[in-house]
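Good morning, and thank you for coming. Please look at the sequence and the structure as I show them, and I shall then go through them part by part.

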Amino acid sequence: MGIVITITSGKGGVGKSTAVGNLSVGLASRGKKVVAIDFDIGLRNLDMILGLENRIVYDVVDVMEGKCKLNQALINDKRTKTLYFLPASQSKDKNILDKEKVKILIEELKKNFDFILIDSPAGIESGFEHAIFWADIALIVVTPEVSSVRDADRVIGIIDAKSEKAAAGGEVTKHLIINRIKSDLVRKGEMMSSDDVLEILGIKLIGLVPEDEKVVSATNSGEPVIYNKNTKSAKAYDRISRRILGEEVDFELEKDGFFGSLARLFK
Ligand SMILES: Nc1ncnc2c1ncn2[C@@H]1O[C@H](COP(=O)(O)OP(=O)(O)OP(=O)(O)O)[C@@H](O)[C@H]1O
Ligand SMILES: [Mg+2]
């Protein structure tokens, strides 16, 4: 049975869709069969990041409403053949998702894929609860800002209260991704450090992603930055993929990447 990973956040615009795009390529390029689903109804985004926007015919709501078969809506990635994508509907009705229909879809996908990555709307938006309900693992994305961290704290509470696992007496595994870290600002004490964020949220860290302008150019060209292997963000997403697969990857590597150049100056 496949593992459902929901990528979510409290505040919007912190890098969820970017993380879904890159981690789905990261897992698929390591031989796993992966489907990335865009649950952000009304706002297509993940298709652009994956460069698949021109291939869309059917979407996730068409599947749930029986307008097409699942495999008619799934789009195979151009480069990584074990990766599939299920686009969001552009319906204006954000409440269009139905709990039972979402369940049937997720169960079907679990039979066919190793990993189901769900791109969730931010925690305040409707649709969010559907995206977290079936999660085995929640990856919570924050940027090192007070508002983002505070809203993430709220979302952790909702996951603990409202997921299917919570209702059954269990717990969703929750991991934190801290995105858009500007190491020079952290050093000057002008940005929250990862330790500050972790102390407030009290969940396990799975990745530190630096601010990287290459992320933006990658989105514009429809090729997730993880393909650009020498960039610092690609390395960060690759390490997160390996950690999802159970590898122990030292966090010092991240610190080397950000602080290494400075440390070398003082050697
Ligand atoms: N590490 C990074 N470095 C630089 N820019 C980044 C980084 N991560 C994300 N971005 C940029 O931040 C913006 C928001 O990212 P993204 O769309 O992934 O966020 P989101 O959380 O999915 O937003 P929404 O809540 O609207 O769905 C995009 O322009 C993206 O290119
Ligand atoms: Mg998004």
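Just after helix α12, Gly246 takes a positive phi of about 95°. This is a predicted model, and the values I give are computed from it. Helix α12 covers residues 232-244. At 1.5 Å a residue, its 13 residues should span 18 Å, and the end C-alpha atoms are 19 Å apart, which agrees. Which residues of α12 are buried? They are Ser233, Ala234, Ala236, Tyr237, Asp238, Arg239, Ile240, Ser241 and Ile244.

A positive phi is found elsewhere too, in a residue other than glycine: Arg180 has a phi near 60°. Arg180 lies in strand β7. It has 20 C-beta neighbours inside 10 Å, and therefore counts as buried.

Strand β7 brings me to the sheet. This is an open sheet of eight strands with mixed pairing, and the order is β3-β4-β2-β5-β1-β6-β7-β8. Which strands stand at its edges? They are β3, residues 75-76, and β8, residues 204-210; each has a single partner strand, so one side of each is left without a neighbour in the sheet. Strands β7 and β8 run parallel and are joined by five bridges. Across this pair, Leu176 has Leu205 of β8 as its bridge partner.

I turn now to strand β5. Is this strand largely enclosed or open, and why? Five of the five residues of β5, residues 115-119, are buried, so the strand is largely enclosed by the rest of the structure. Phe115, Leu117 and Asp119 point one way from β5, Ile116 and Ile118 point the other way, and all are buried.

Strand β5 has parallel partners. With strand β1, residues 3-8, it pairs in the parallel sense over five bridges, and Ile5 has Leu117 of β5 as its bridge partner. With strand β2, residues 34-38, β5 also runs parallel, and five bridges join the two. There, the bridge partner of Ile37 in β5 is Ile118.

In soluble globular proteins, nonpolar side chains tend to be buried together. In this model, the largest nonpolar core has 77 residues, and Ile116 and Leu117 are those with the most contacts inside it. Helix α1 gives the largest share of this core, six residues. Leaving out residues up to four places away in sequence, Ile116 touches Gly2, Val4, Ile5, Val35, Ile37, Ile106, Leu109 and Lys110.

Finally, I come to ligand 1. Which of the 20 residues around ligand 1 come nearest? They are Gly12, Gly15, Lys16, Ser17 and Thr18. The elements that give two or more residues to this shell are α1 (16-28), β7 (173-181) and α11 (213-221). By class, the shell has five nonpolar, ten polar and five charged residues.

Let me close with one of these residues, Gly15. Gly15 is placed in the loop between β1 and α1. Because it has 20 C-beta neighbours inside 10 Å, Gly15 counts as buried. Gly15 and Glu254 are 239 residues apart along the chain, and 18 Å separates their C-alpha atoms. Thank you for your attention.

Notes:
Residues are numbered from 1 along each chain as its sequence is written. Chains are lettered from A and ligands numbered from 1 in the order in which they are written. This is a predicted model: local features need pLDDT of at least 70, side-chain atom pairs count only at pLDDT 80 or more; totals for chains, interfaces and linings use all residues. Helices (H or I, at least four residues) and strands (E, at least two) are DSSP runs, numbered from the N terminus. The expected span of a helix is 1.5 Å times one less than its number of residues. A residue is buried if 20 or more other C-beta atoms lie within 10 Å of its own, exposed if 12 or fewer, and partly exposed in between; C-beta atoms are placed from the backbone. A residue is near a molecule or strand if its C-beta atom, placed from the backbone, lies within 6 Å of it. Ala, Val, Leu, Ile, Met, Phe, Trp, Tyr, Cys and Pro count as nonpolar, Asp, Glu, Lys and Arg as charged, and the others, Gly among them, as polar. A nonpolar core is a set of buried Ala, Val, Leu, Ile, Met, Phe, Trp, Tyr and Cys residues joined through C-beta atoms within 7 Å. Two residues are in contact if their C-beta atoms, placed from the backbone, lie within 7 Å. Two strands pair if DSSP finds at least two bridges between them.
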